[in-house]
Amino acid sequence: MCFKNRINFTFLVLCVLIFTRCGTTKPKVNNTTKSDSIMLVTTRVMNWQVDSIKKHGWRHAEGDWTNGALYAGLIAYANEMNDESLYSFLKQRVGEKLAYQLPTDSNRYHADYYCIGQLYTALYSKYKEPTMLADLTKLADNLWLQPHTESLLWVNKIARREWAWCDALFMAPPTLGLLSKVTGEQKYLDLSNQLWWKSTEYLYDKDEHLFYRDSRFFSQKETNGKKVFWSRGNGWVIAGMARLMETMPVNYPDRPKYNQLFKEMAQKIAALQQADGTWRTSLLDPDSYPSKETSGSSFFCFALAWGINNGLLAKNEYLPVVNKAWDALTKCVLPSGMLGYVQPIGNKAKAEIKATDTEVYGVGGFLLAGAEMLKIN
């Protein structure tokens, strides 16, 4: 082979090697970059929220449901990032301040008011201090003794006794499931299971595969004539279901029912994602509610990612939905790290959500989603 031909051959081989090398390493580089990006934005949001609490105090009482949802996200973040400082912060600034107590007034058995039990179980898992579970266990034992035979009709302050509204399915079932997991007492999971299906039988629309917020919405219609299904309300449900299932043995008798319900909801929710990657506050009438919204969207992103990671949802079908949702959510994070476009506290759809609207439960959902996104391979 002449010198010139040898050079040309060598050049060709080098080109093939370089092309092959780039082709095989590109996915790894992209995955690493994506993981770094997820960690970066999730950490920015977490830091902004914790710094805001340290500098300006709590927006709501430490034991409030709003913060209960935030704590779920902070714990998920701390576990994924091995962040010991967050555990210390939550132990000192929340658990110890509240002495791990729950309300003693008429709200004691209102699901919103024992959502914080999810934090208590997480702290117990780490520190193993019996006092962390004492009052929660007492409450759960009393719940176990109640007949739970009342109708879930939204009258007579039913929320103080039963899970009569869909938000409760994020607040209460994971709490009892986590308590069952850390204590080894299956009766708490069984109670959660019993009450989950009571609420589902009442609030779940088997045709639309979505949950009504409560009985007041059964006969209401949107401007376009469709039924009324609130985005964050359904986000509470499917995220709560994922968190409950995390505490449930794979051979639990009713596990197949949860799998089926989860898949039905996931398919419907994925089909309702809007072009910008988020979901509107009214799921079936997005044209009447044009603003994007991040609390419901965060819970959907978390739940769908969880479904992929746990083998319930086909990755090739749902990963594009999850990636699109996550990309949209990150675009709602302000330069400061504040998560915007969070619908304020309410129980139904709202037409206008602003970039400057934020709330701790929205951050909790975002952190849950970020932690779950990091697990996708």
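**Exercise 1. Determine what share of the chain's contacts between residues at least 6 apart in sequence join residues at least 24 apart.**

Solution. Contact means heavy atoms within 4.5 Å. Among contacts between residues at least 6 apart in sequence, 70% join residues at least 24 apart.

The model is predicted: local features need pLDDT of at least 70, side-chain atom pairs count only at pLDDT 80 or more, and totals for chains, interfaces and linings use all residues. Residues are numbered from 1 along each chain as its sequence is written, and side-chain values use heavy atoms, with hydrogens and water left out.

**Exercise 2. Locate Lys348 and identify its contacts beyond its neighbours within four places in sequence.**

Solution. Step one: Lys348 lies in the loop between α12 (315–330) and α13 (360–373); helices (H or I, at least four residues) are DSSP runs, numbered from the N terminus. Step two: once those neighbours are left aside, Lys348 is in contact with Phe217, Trp230 and Gln343. Step three: Gly233 is 115 residues from Lys348 in sequence, yet their C-alpha atoms are 8.0 Å apart in space.

**Exercise 3. Decide whether His148 is buried or exposed, and do likewise for Asn156.**

Solution. Step one: buried means under 20% relative accessible area, exposed over 50%, and partly exposed in between (1.4 Å probe, protein chains only). Step two: His148, in the loop between α5 (131–145) and α6 (168–171), has a relative accessible area of 8% and is therefore buried. Step three: Asn156, also in the loop between α5 and α6, has a value of 64% and is therefore exposed. Step four: most residues other than glycine have a negative phi. His148, however, has a positive phi of about 50 degrees, and Asn156 has one of about 55 degrees.

How values were computed
Helix = DSSP H or I, 4+ residues; strand = E, 2+ residues; numbered from the N terminus.
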